[in-house]
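Here is a friendly note to read beside the structure.

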Amino acid sequence: MKDYSKPVIIDCDPGVDDAAALFLALSHKNLDIQAITTIFGNVGLQQTTTNALKILEVARKTGVPVFKGVEKTFDYRDPIDSKNVHGNDGLGNNFFPEPPSDQLMTQHAVLATIDLAKKFKGELTYVALGRLTNLALAISLEPSIVNSIKEVVIMGGAINVPGNISPTASANLFGDVHGASVVYRSGINLTQIGLDVCNEVEISPDNQEEIWNLKSTVSQFLEKIVPVHRSAHQIGNKIPGAARFNDMPAVGYTIDPTLFKCETLRIHFETLGEFTKGQTVVDPKHFVEDAQNVNVAMKVDSEKLVKLWMDGIKSYS
Ligand SMILES: [Ca+2]
């Protein structure tokens with residue numbers, strides 16, 4: 001693992017698995033988090049923004065600015081949420097007290113993204129843990145960021161496994177297909193951390209117990225928010241009672257790409273099909289003109305990744 005701190009934006013819709021991913025990101029010296037930007041998704045924008053601020057309060061990371069993004073899809077539709085998976089408050093139906101809002105900036109997330117892409121030209125990594133609408137709008141407004149952002153790491157997509165919201169699509173990409181299409185066609189340097197690897201990463205009941213027993217502010221917060229999400233994710237689990245945090249591997253990749261085996265695949269993002277809307281379609285024979293090469297994670301060392309996450313959580317006092 002290289003030992004340097006890379007500037008990152010984390011775009012998210014917390015979300016229980018966003019929280020698990022953010023706690024890892026905020027704990028690790030390899031990441032220099034320049035901004036957390038929020039997007040509609042698991043719940044509405046106001047709630048995802050409140051939840052991001054809450055997570056920072058719990059992690060005691062008061063220096064990280066939060067920028068609020070957009071609340072509708074790229075084609076200006078009301079979004080579909082995932083309250084059935086994350087709870088009505090997005091954090092396991094805990095309805096925590098309002099966090100302080102000092103870290104909430106007045107600048108819009110889309111404009112902050114453009115500014116940071118210019119400031120850290122060639123160095124910035126953008127980690128997308130939700131719908132891709134903010135990034136699609138940033139690209140539309142300032143196309144030069146396609147070349148100035150070093151890498152976009154996306155939680156989403158499915159190559160050799162089924163989708164988790166339709167037979168073929170992952171929730172993050174299905175939740176705004178037009179936004180995702182802009183990003184996948186833009187030519188920006190993309191890494192896809194999709195369900196092919198996320199499905200392999202489970203936090204076993206023993207590992208959960210070890211975390212809960214830490215009795216830190218972060219571990220107690222996780223213990224409260226995980227149960228609703230864990231119940232919703234049991235179908236297809238390899239380990240009964242395991243928790244699965246689909247956003248966490250994207251942060252894990254950003255910290256240490258050597259935990260993943262990736263392949264360059266030519267991908268067309270599907271926006272139209274009755275059963276394939278939102279699919280990341282592999283097109284090796286160049287049938288589709290606007291398909292682009294994507295660095296796709298196909299395998300993960302899940303044991304090492306779970307350890308990375310647990311070490312991150314253990315680092316909080
Ligand atoms: Ca998310």
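1. In which helix does Lys119 lie? Lys119 belongs to helix H4, residues 109–119. Helices (DSSP runs of H or I, at least four residues) and strands (DSSP runs of E, at least two residues) are numbered from the N terminus. Lys119 counts as exposed because it has 12 C-beta neighbours inside 10 Å. For this count, a residue is buried if 20 or more other C-beta atoms lie within 10 Å of its own, exposed if 12 or fewer, and partly exposed in between, with C-beta atoms placed from the backbone. Lys119 and Ser148 are 29 residues apart in sequence, and their C-alpha atoms are 9.2 Å apart in space.

2. Before going further, a word on what you are looking at. This is a predicted model, in which local features need pLDDT of at least 70 and side-chain atom pairs count only at pLDDT 80 or more, while totals for chains, interfaces and linings use all residues. Residues are numbered from 1 along each chain as its sequence is written.

3. Now find the sheet. It is an open sheet of 9 strands with mixed pairing, and the order is E3-E2-E1-E4-E5-E6-E9-E7-E8. Two strands pair if DSSP finds at least two bridges between them. Strand E3 (66–68) and strand E8 (280–282) are the edge strands, each pairing on one side only. From one strand to the next, the twist averages 35°. In general, strands of a sheet pair through backbone hydrogen bonds, either parallel or antiparallel.

4. E7 and E8 pair in the antiparallel sense over 3 bridges, and His268 stands opposite Val281 in E8. With strand E9 (residues 292–300), E7 also pairs in the antiparallel sense, over 8 bridges. There, Leu265 has Val294 of E9 as its bridge partner.

5. Next, follow helix H1. The axes of H1 and H13 come within 8 Å and cross at roughly 70°. Axes are lines fitted to C-alpha atoms, for helices over the stretch in contact, and angles run from 0 to 180 degrees between N-to-C directions. H1 is therefore roughly perpendicular to H13; angles under 35 degrees count as roughly parallel, over 145 as roughly antiparallel, 65 to 115 as roughly perpendicular and the rest as oblique. Phe23, Leu24 and Ser27 in H1 meet Trp309, Gly312 and Ile313 in H13; two residues are in contact if their C-beta atoms, placed from the backbone, lie within 7 Å. By class, this contact of H1 with H13 has 4 nonpolar, 2 polar and no charged residues. Here Ala, Val, Leu, Ile, Met, Phe, Trp, Tyr, Cys and Pro count as nonpolar, Asp, Glu, Lys and Arg as charged, and the others, Gly among them, as polar.

6. Which residues of H12 and H13 make their contact? The axes of helix H12 (residues 248–255) and helix H13 (residues 302–314) come within 10 Å and cross at roughly 90°, so the two helices are roughly perpendicular to each other. H12 contributes Met248, Pro249, Gly252 and Ile255, and H13 contributes Leu305, Leu308 and Trp309. These residues divide into 6 nonpolar, 1 polar and no charged.

7. Now turn to the interior. Leaving aside residues up to four places away in sequence, Ala250 touches several residues, including Ala21, Val127 and Ile193. Helix H5 (residues 133–141) is mostly covered, with 7 of its 9 residues buried; among them are Thr133, Asn134 and Leu135.

8. Finally, look at some backbone details. A cis peptide bond joins Pro14 and Gly15, with omega about -15°, and Gly15 lies in the loop between E1 and H1. Tyr76, in the loop between E3 and helix H3 (83–86), has phi near 60°, a positive value in a residue other than glycine. Tyr76 is exposed, with 8 other C-beta atoms within 10 Å. Lys215 also has a positive phi, near 55°, and its place is in the loop between helix H10 (205–212) and helix H11 (217–232). With 9 C-beta neighbours inside 10 Å, Lys215 counts as exposed.
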